[in-house]
Structures are given as structure tokens and as C-alpha cells.
Amino acid sequence: MINSQFDKLVDRKGTNCLKYDFAAEFGRPEGLIPLWVADMDFCVPEQVKKTLLRCAEHGVFGYTDAKPEYFQVLGKWFLDHFGWKTDASWVVKSPGVVFALAAAIRAFSKEGESILIQQPVYHPFANVIKANERKLVVNQLVCEDGVYRMDYADFEKKIVEEEVKVFLLCSPHNPVGRVWTREELQRVGDICLKHKVLVVSDEIHCDFTYPGYQHLVYASLGQVYADNSIVCTAPSKTFNLAGLQASNIWIPNPTIREQFQKEIAKTGYSDLNTCGLAACQAAYAYGGEWLEELKEYLTGNLEFVRTFLKENLPQIHLIEPQGTYLLWVDFRELGLSAEELNQLLVEKAHLWLNDGSMFGECGSGFQRINIACQRETLKKAFKQLAEAIDSLK
């Protein structure tokens, strides 16, 4: 892609940006290339920017809510992109997916009861379970020939032995990049139905799949699966709107939805903020073409990393992603301890990545790398990585 809008460098420093401006607060030296937290270094779609400018120019930021058009736009997006026919009544608006996960844990389990996750997985899963004084149960994913798969026997065994109440599904999976197949989702779904385990599916990365892969919304598997599910979505990853705190939680079962809403009400939270609502609606209404160009650009970034590792760092192994803009990279062949690896990355390569162990003990020796940045930034980062590893010789 020539002269892509995504090649334009955006200076995010000095904006109170978590990714760039908080190195000291995280105990990191200044000047690192940050490829850690999962937001993008790209400007939002132009129509989203114009919508937010209109909001600012209006100058009044009182209480607002969503009109029917908001839900129509959401419904059209999920029908057009995933073949999933929805109903506006299913939507519960939330400031964020992690907020919704925590609410679901409280609504459908008691303190001390078990919640199951599949590590290595997005670290807030474990955090919200522990913070809400529930028991963390891990069904570890198994890597076979460079592809992570579910261990169904262990999954069911853990559910029975630990009397699991809720399963937090990550789909597409962060950080290992799997886009689960219908067969995989149905197998775990059937086990959950058999043992009366609620499925809470985090599908925040649903719009990011690479050529040859298609995301399947868990609730679209069929009515019985939909009736035992909470599907968590947001425009935050897709359109780089995380700071506006808007998410849409889909709950087809009215009984489950009412129980979830009661838990939300206990927090005192009601409606999304004005700008979050407006940006969400504009993004889903007008952001389709922008997203397609972005996915093409990210595919190019992935190809760069794949080729660079093969040609320059064959001892570093990319777990081929099927979805997300986050790469799961295996550094174990270097033979370094976790401390030595992190020291190398920070002090020699001058990179800020996510240590794999934060996603579970089974992630030790891996790093998560965010490639949603300008290609020149990525080229500089991997050049520094190669020079740092070369210094080990």
C-alpha cells in the first residue's frame, strides 16, 4: 500500500497518553519504543473526528442516551460483518468490557466460587476474578505445531471438580491470536450447557481477522448457546476509541440480562458519556472502509515481522496470528531467564513490550507485541531488537 493514511506519524507524547507518557510511573526508562498496551498509533476515521468536533463545538455536555439509530447502526454492523441478526433489546451499554466482565462475575457467582479462564490470556481476566474474591481456575491452552488449541478433557474436568459457575472466553484470543472455529466453540459451549456454566465471551477484537479467517460470534452458534451467553463488544479496539469508554454487551436471554443489569445498577452507573455514544455510533456507521484499509495495513505489518524474523532472527518464533493486532512471540530459544530477557529488551533493544508471564505462568519466555503502529516505527523497533540479540554472541 502506497502513501497509506496509516503511515502518517502521530506524535502522542505530551497528551497524557498511557502508552507514551507514563514510562516513569511503570518503572521504565524514557525513550523506549512502546509496543505494549493494546491501542493503536493511528487517527480515528475522519467521520468520527468530525462527529466529536461537532460535539465539542456544541459546548453542552449534559446527560445523553442512545436513540433507536444507535442500535440500528450496531445491528447492521454485526449482521453485515458476522451474519449475526441481533435485537436492540439485547444491548446493555457499559463503559468497558473489563467492567462488564467484573459485573458478570458478581452477578452469576458468589465469593469463593470458581471462574474458569484459558491461559495464556488477557491479564485482566485473572485480575477481576481475584479482585472480586472468586476462585481462579485455569484450563491451559496447548500449543501444538505452533497453533494453540483447547484441552477439552481438562476443560470439563476442571468445571466438574471446581464447580465452575462462569467461563470467560476470549474470542478472538488475546494474546495467542486464535480465531476459534465453529467446532471449537460448540465443543466448549456444549460442555458449559451440560454443567450449567455461563459463557461470558470477550469479543472486543472481533473485527481483526487475517485473510482466510472469519470471526464467529459465540451467540450466533444457535439459540441454546445464545441463551447461555453474554457477548462483550466495543468499538475501542476496532476504531482506536478506548479512551472514550463505550462498550456494548449483548445478552439475548432476558433473565440473564435482567440479573446483569441489576448488578450494573448496584455500581450507580447508568449511561455512556456523550462523546463515547457519538463516537461509537459514527464509527460503526461510517468506519467500514477505514477498517478495511487498516486491516490491509496491519497485514503488511505482520508480513514485515514474519519476514524480518525469518531472515534476521530465526531463533525468535512468531506464533502465527489468525486475528488481533497483537503478536505472541516465543523468545525461549535464546535461553535467557525472564529477568535477563526483559533486561535485554529494555536496556539493549530499548523496547517496551508485554512480558508473556503476565498472561499466566505458561506465558513465560514469550512477549506480546503490538503491531498497530506506523511501519517505520516497527522497522526501527525490530532493527533495535536484532542488534540487541546480536550483542549476545
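Reader: How many bridges join strand β8 to strand β9, and do they run parallel or antiparallel?
Author: In this predicted model, β8 (residues 198-202) and β9 (residues 229-233) are joined by four bridges and run parallel.

Reader: Which residue is the bridge partner of D202 in β9?
Author: D202 has C232 as its bridge partner there.

Reader: What is the strand order of the open sheet of seven strands?
Author: The order is β2-β10-β9-β8-β7-β3-β4, and the pairing is mixed.

Reader: Which strands stand at the edges?
Author: Those are β2 (91-94) and β4 (135-138). Each has a single partner strand, so one side of each lacks a neighbour in the sheet.

Reader: How many degrees are neighbouring strands turned against each other on average?
Author: The average is 25 degrees, with direction ignored.

Reader: Back to β4. How many bridges join β3 to β4?
Author: Four, and β3 and β4 run parallel. In that pair, I117 stands opposite V138 of β4.

Reader: Which helix does the chain cross through from β3 to β4?
Author: Helix α5 (residues 124-131). The β-α-β crossover is right-handed.

Reader: Which strands does helix α4 lie across?
Author: Helix α4 (residues 97-108) lies across β2, β3 (114-117), β7 (164-170), β8, β9 and β10 (247-250). Against β9, α4 runs at about 165 degrees.

Reader: New topic, helix packing. At what angle do α2 and α11 pack?
Author: Helix α2 (residues 46-58) and helix α11 (residues 274-286) pack at about 150 degrees, and their axes are 8 Å apart. Angles over 145 degrees count as roughly antiparallel, so α2 is roughly antiparallel to α11.

Reader: Is the crossing of α2 and α11 left-handed or right-handed?
Author: The crossing is right-handed.

Reader: Which residues in α2 and α11 meet?
Author: From α2 there are Q47, V48, T51, L52 and C55; they meet C275, A278, A279, A282, A283 and Y286 of α11.

Reader: How many bridges join β11 to β12?
Author: Three bridges join β11 to β12 (residues 326-330), and the two strands run antiparallel. The bridge partner of L318 in β12 is V329.

Definitions and conventions. Residues numbered from 1 in each chain as written. Predicted model: local features only at pLDDT ≥ 70, side-chain atom pairs only at ≥ 80, totals over all residues. Heavy atoms only, no water. Pairing = 2+ DSSP bridges. Axes fitted to C-alpha atoms, helices over the stretch in contact; angles between N-to-C directions. Contact = heavy atoms within 4.5 Å. Parallel < 35°, antiparallel > 145°, perpendicular 65-115°, else oblique. Left-handed = near helix turned anticlockwise from the far one by under 90°. Right-handed = clockwise from strand over helix to strand, strands pointing away.
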